[in-house]
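Here is my note on the model you sent.

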Amino acid sequence: MSMLIKNMVINLVKARKTCVPILVWLLLLFSAPGFGAVSDNPDSRSENTAAADTAVFDHMVTGFPLEGDHDLIDCVACHVGAVFEVLPTQCEACHDGISARGISLSHILTTASCDSCHTTTSFSDSATMDHGIVGNEACVTCHNGSNATGQSASHVATTAECAACHTTVTWVLVTGVDHDQVLGVCLSCHDGATATGKGPSHLSTSNVCEACHGNTSWVPAVTMDHDQVNGSCVVCHNGLLATGTGSGHILTSDVCEACHTSVAWTPVSIVDHAEVSGSCGSCHDGVVSAGKTSGHILTTDMCEACHHSAMGWVPVMRVDHTQVTGACESCHNGIIATGKHETHLVTAESCDICHTTNDWASAVFSHSGVVNNCSSCHNGNNATGKPATHIDASNICGACHAISGWSLVVVDHSQVNGVCAGCHDGVVATGKDATHIDVSNVCESCHDDAGWTPVTTVDHAEVNGVCEACHDGVIATGKDAGHLPTTQACDVCHGSDDWTAAVFDHSAVSDTCITCHDSVTATGKSATHIETSDVCEACHVNADWTPPAVDHAQVRGSCASCHDGVIATGRSATHISSSDVCDACHTSTAWIPTVSVDHAQVSGSCADCHDGIVARGKGATHINASEVCEACHDNFAWSPAISVDHDQVSGACESCHDGVIAIGKGASHIVTTASCDVCHVTTTWLGAGVDHSTITDTCITCHDGAVATGKGAAHINSSEVCEACHSSAAWSPVTTVDHVQVSGVCEACHDGVIATGRNATHINTTNVCGACHSSAAWTPAITVDHDQVQGSCAGGGCHSLPGGHINTTNVCEACHRTNTWEPVFTVDHDQVQGSCAGGGCHSLPGGHINTTNVCEACHRTNTWEPVFTVDHDQVQGSCAGGGCHSLPGGHIDTSNACEACHRTDDWEPAFRVDHNEVNGSCASCHRLPSDHCSTADECNVCHNVNDWDETSQDC
């Protein structure tokens, strides 16, 4: 029977979709067979259920029509436990993220009901956007390119205040641009493409629009920044676009900037006279501009005839005398202008009698009135005198010059002072020609001015150069045919005072001695002369014939034939014991020292001569040895030694075996300062025994696995500084470990086998020991590298919450960083236990609306602001209290008792209108419907707010 009742209830719910009265269904229920008892007839249960399912219930009568996707939902999904009457009808009452899917985190912020935008037909695809319900949030809150379409790539650069230019009614057709929101310069938009740019009639400027225009009032320009204007001033200042030159302006070109500046147009900073038209006097008249001063000389008004405006008005560049009025001396008085100088000829005549303004210096002077000598005036004072370059002469100018033709000079040599060369230098007058013999400039020593040519005599004291320069048989007599052959100059033997009495200079003879000294022409060799060739000059010199210098190349016979102690010097008493074959050791070109010694001619041992006195002995660098030279050396080839007899050597091995005198230690020899014979012996050099106490280098120098045994394969990874751990006295075991020399990580050794590893009480970490410990001081750890710690902060007995910590879990790392523990880098509210206001964390800030401390009712911990919702159950006081809600623009005139009409969970539309809170008459809200009778009365004359349809009277 229980199953039957359940099916009946379900069918009853479904039957509400029709208009069958509930009483009929109740009668059917109670009259059902076996009601109140369990029926065992399955056919009966099936028949009753099938009958009930055929009924249809009209859900429209509930005020909540089942449309769209809602019609596909099973009734019991909403009517749990057969609850019908109290179910809510607002979408968000179910779509709260618990009962049914709610708004996502990315949903736009709104308090409007879901069905303001969505329909049940297709929730996402059929949504329409009523921007009037969004509230006061900025457009960009949604239109950010994620939640909704944001600014396109081609959008002008602006702030995020979309509503400053756009409206929700017509987004694309911007009604007005709020330039305060626009970023960048004007040209970014006003380029003629995005927005209107400069028109064709705009004056030529840069593109910095804002330099002149303001975005609040574009026309006219608020200011003019002339730095942005291209071209000259007159392009604008032409009397049309902008003020041009006035009627009282001086006559100039249109180059305004030549005189004016855009910074300070008036007064003019400077006048560029190159741009001024007309004469100076048109401005400089004492009215428009300064004119001539009272002290100015008498002239016309042609200022520019003397002054130059570009180069500097004062002083004048020149004086145009055609513009000057009055006599010369009215200015040239020594005050205004230069007057007659002190040496001027004394005269009372006017200047222009002799001078002209065209060429003042070339005065026209009549000498016909002069009766005195020229030099009486032309003395360099009264008139031009002789210039500095004039030849040295008397002051009788007329002796050479004529006043009718001053430059046509006829020289009267009787008036000339000084030597001939004073004038005859090839510049002032004709000088010596190119063929003249080389002489001094004392012309008169040979020439006579009465008869210059031919020369009367030659004064050889004035002649320069050698005799043969003239005495060549052409200019003057030269050497005769019988003259001795010589290339010497004549004056080597001859003198100009007595030519024939020559003094013979053998140095001037170019032939051999025997040519003359042949015992016929001149004296030859005597009978006692040694046997030689006839080349006398090989031994003798004509400056001092005896004693001779012997050229042994010209001597015939052996050395001993002369060097016998009689004819020439023989062997001295100190000569080494040898034969008489001198040339076995000596040469005639360089007797001492001997070029070589023929030891076959020497008698005795090496040391008899090689003692450092008679002959070179052992050098300072010779090894320390006995005097038995021949024990090592051979006189056929002294160096290198043929062998070394170590019995003759004194001193330590290394005194010779240093790599220079003899072979030293090889490049691969171990480094030591010990004597060689500490390890080696001369009889058996190899197979040395090593004394480590004498070695000065490091172990690895030898113990490299090649020279001597090196580190084994099982050796720990370390540097080559063996002695840092080992001792040569006792190599194994190591005395200590110098961790500076160890390569690799600690755990490569400290693994509990090779060396001590981590103990059992060590915290749970990786094996990277060096992250926390130092080899210099292992305990305590110098730092803790939390990247090596395994597990959570609170795990392993490391960290626990300190006193005063907020109530949280032990997941420290959710808020703290291991490298910077305080302050926390974030607060993971999922780890916080208790409410926001609990534990002394959060409290209401100043200015917060009056609410309870249940922060989480409105705020999210991951996005605190703005609030994701307002739970009005937590708000204390009225809607209008606490500065929350106020009547929006367009709201009907009411009191601030919002809750009288609105619900906090469903603000719009108002669930009712409490007319007690409405101010004003009914007509301020209500309009007469179309079928209402015509009346001018107020609504409340007939109607009352409690029962509107009950009218108190008829129209």
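Is Asp914 buried or exposed? Asp914 is buried, at a relative accessible area of 14%. Buried here means under 20% relative accessible area, exposed over 50%, and partly exposed in between (1.4 Å probe, protein chains only).

1. Ground rules. This is a predicted model: local features need pLDDT of at least 70, side-chain atom pairs count only at pLDDT 80 or more, and totals for chains, interfaces and linings use all residues. Residues are numbered from 1 along each chain as its sequence is written, and side-chain values use heavy atoms, with hydrogens and water left out.

2. Overall make-up. The protein chain has five helices and zero strands. Helices (H or I, at least four residues) and strands (E, at least two) are DSSP runs, numbered from the N terminus. Of the 955 residues, 16% count as buried. The chain exposes about 65,700 Å². Carbon and sulfur atoms supply 56% of that area. Areas come from the Shrake-Rupley method with a 1.4 Å probe; for residues, only the protein chains shown count as cover.

3. Contacts. A contact means heavy atoms within 4.5 Å. Take the contacts between residues at least 6 apart in sequence: 32% of them join residues at least 24 apart.

4. Salt bridges. The structure holds five. The criterion is a side-chain nitrogen of Lys or Arg within 4 Å of a carboxyl oxygen of Asp or Glu. Asp914 pairs with Arg912 at 3.9 Å, N to O. Arg912 is partly exposed at 40%. Arg571 and Asp580 come to 3.0 Å between their closest N and O atoms. Arg571 is partly exposed at 43%, while Asp580 is exposed at 52%.

5. Around Thr299. Thr299 sits in the loop between helix H4 (91-94) and helix H5 (606-609). It counts as buried because its relative accessible area is 19%. Beyond neighbours within four places in sequence, Thr299 contacts Lys292, Gln323, Val324 and Thr325. Lys292 also forms a salt bridge with Asp301 (3.4 Å, N to O). Lys292 is partly exposed at 38%; Asp301 is exposed at 54%.

6. Around His773. His773 lies in the segment after H5. His773 is buried at 18%. Leaving aside neighbours within four places in sequence, His773 touches His762, Trp778, Ala781 and Ile782.

7. Surface patch. Val83, Val86 and Leu87 form a nonpolar patch with about 240 Å² of accessible area together. Patch residues have over 30% relative accessible area and no salt bridge; like charges are joined within 9 Å, nonpolar side chains (Val, Leu, Ile, Met, Phe, Trp, Tyr) within 5 Å. Val86 is exposed at 68%.
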